[in-house]
Amino acid sequence: MNGTGLVRPPSSRLAEGIVTHIRRAPVDVALARVQHAAYAEALAASGWVIRQVLAADECPDSVFVEDAVVICEDLAVLTRPGAPVRRAEVAGVAQAVRSLGLRTARIREPGVLDGGDVLQAGPTVYVGRGGRTNGEGIRQLRSLLAELGRTVVAVPLGDVLHLKSAVTALPDGTFLLQPGLVPAGLFPAVRPVTEEAGSHVVLLGGDRVLIAASAPRTAELLDDLGFTPVVVDISEFEKLEGCVTCLSVLLPATSGRPGS
């Protein structure tokens, strides 16, 4: 097995989730639950043991579990989300990571930080500075991760919700990036993409890469580059600016201990 995948069931109030950079559209909660189950099944089929975080039905955006925690090796950094209404989501995630034996730390006021703004690529951790993460949140994360030998690089964001809405890493060390949303020069080797959903992928282990069905051209590109795209339909979550990245937190099994 590759490790543990944390996911969280959609709230019955999902349709009330926050929309920032796109027009609000009706969300089919029943379909979202079907899509979420298929997403978890795709992780399981790729060798991840699924661990469900306790549902938070009172929190519309709680399905986007990635925003509540940043995991690096044996350290789980519990975030302080930039949207105040989302801060109640963190308690359930804290319980889940502690049950896995991880030690925890917290982003403290006045810092704010969303996990969706944190992209880990080897010893370098890129952190988006935008509407959901501030400079103090970045400073605190930099201090916490320094003990693990990580270098934090702040990335100014354009008109985009989170860093990983605009750029993610591939297994070969290159980065899928949508031009104009983040400074491409901050990343060592960029592969520009034209599809919005093509800039966010999840590495499943080996050559397997999870990608949304709304990015078929990027999936074809990945296949042509020798990767194996695992395609999932997350249309109902995309109506709330959701990506394949924010629906899970993966803890690879390393030396018998989950890490990231």
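Guide: A search of the whole structure turns up one cavity of 30 Å³ or more. Keep in mind that this is a predicted model. The largest cavity holds about 130 Å³ of space. It is lined by 19 residues, and the closest to its centre are Asp67, Arg86, Leu161, His162 and Glu241. By type, the cavity lining divides into six nonpolar, six polar and seven charged residues.

Where does Glu241 sit in the chain? Its place is the loop between α5 (235-238) and β15 (249-254). Is Glu241 buried or exposed? Glu241 has a relative accessible area of 13%. The cut-off for buried is under 20%, so Glu241 counts as buried. Its backbone deserves a look too. Most residues other than glycine have a negative phi. Glu241 is not a glycine, yet its phi is positive, at about 65°.

Next comes Ser165. Ser165 lies in the loop between β8 (151-156) and β9 (167-169). Its relative accessible area is 5%, under the 20% limit, so Ser165 is buried. What does Ser165 touch, its neighbours within four places in sequence left aside? The list is Val160, Glu196, Ser199, His200 and Cys243. For scale, take Ser12. Ser165 and Ser12 are 153 residues apart in sequence, and their C-alpha atoms are 24 Å apart in space.

Glu73 is another residue other than glycine with a positive phi, near 55°. Glu73 lies in the loop between β3 (69-72) and β4 (75-78). Glu73 has a relative accessible area of 33%.

Most peptide bonds are trans. The bond that joins Glu109 and Pro110 is cis, with omega at about 10°. Pro110 is found in the loop between β5 (103-106) and β6 (118-121).

Two further buried loop residues are worth a stop. Take Ala56 to begin with. Ala56 lies in the loop between β2 (48-52) and β3. With a relative accessible area of 5%, Ala56 is buried. Beyond its neighbours within four places in sequence, Ala56 is in contact with Arg8, Ser11 and Ser62. Ala56 and Glu89 are 33 residues apart in sequence, but 6.9 Å apart in space, C-alpha to C-alpha.

Then Ser46. Ser46 is in the loop between α1 (29-45) and β2. Ser46 is buried as well, at a relative accessible area of 8%. Residues up to four places away in sequence do not count here; Ser46 touches Asn2, Leu204, Arg208 and Val230.

Finally, step back to the whole chain. The protein chain has five helices and 16 strands. Of its 260 residues, 55% count as buried. Among contacts with a separation of 6 or more, 66% are between residues 24 or more positions apart. The C-alpha trace spans about 40 × 40 × 40 Å along its principal axes. The radius of gyration of the chain is 17 Å. A compact globule with 260 residues would have a value near 18 Å, so the two agree. The chain exposes about 10,400 Å², and carbon and sulfur atoms supply 53% of that area.

Key: Residues are numbered from 1 along each chain as its sequence is written. This is a predicted model: local features need pLDDT of at least 70, side-chain atom pairs count only at pLDDT 80 or more; totals for chains, interfaces and linings use all residues. Side-chain values use heavy atoms; hydrogens and water are left out. On a 1 Å grid over the protein atoms alone, a cavity is a set of points where a 1.4 Å probe fits but cannot get out, and a pocket is an open set with protein on both sides within 12 Å along at least five of seven lines; lining residues have an atom within 4 Å of a point. Grid points are joined across faces, edges and corners, and a volume is the space filled by probe spheres set on the points. Ala, Val, Leu, Ile, Met, Phe, Trp, Tyr, Cys and Pro count as nonpolar, Asp, Glu, Lys and Arg as charged, and the others, Gly among them, as polar. Helices (H or I, at least four residues) and strands (E, at least two) are DSSP runs, numbered from the N terminus. The radius of gyration is taken over C-alpha atoms; the globule rule is 2.2 Å times the number of residues to the power 0.38. Buried means under 20% relative accessible area, exposed over 50%, partly exposed in between (1.4 Å probe, protein chains only). Contact means heavy atoms within 4.5 Å. Accessible areas come from the Shrake-Rupley method with a 1.4 Å probe; for residues, only the protein chains shown count as cover.
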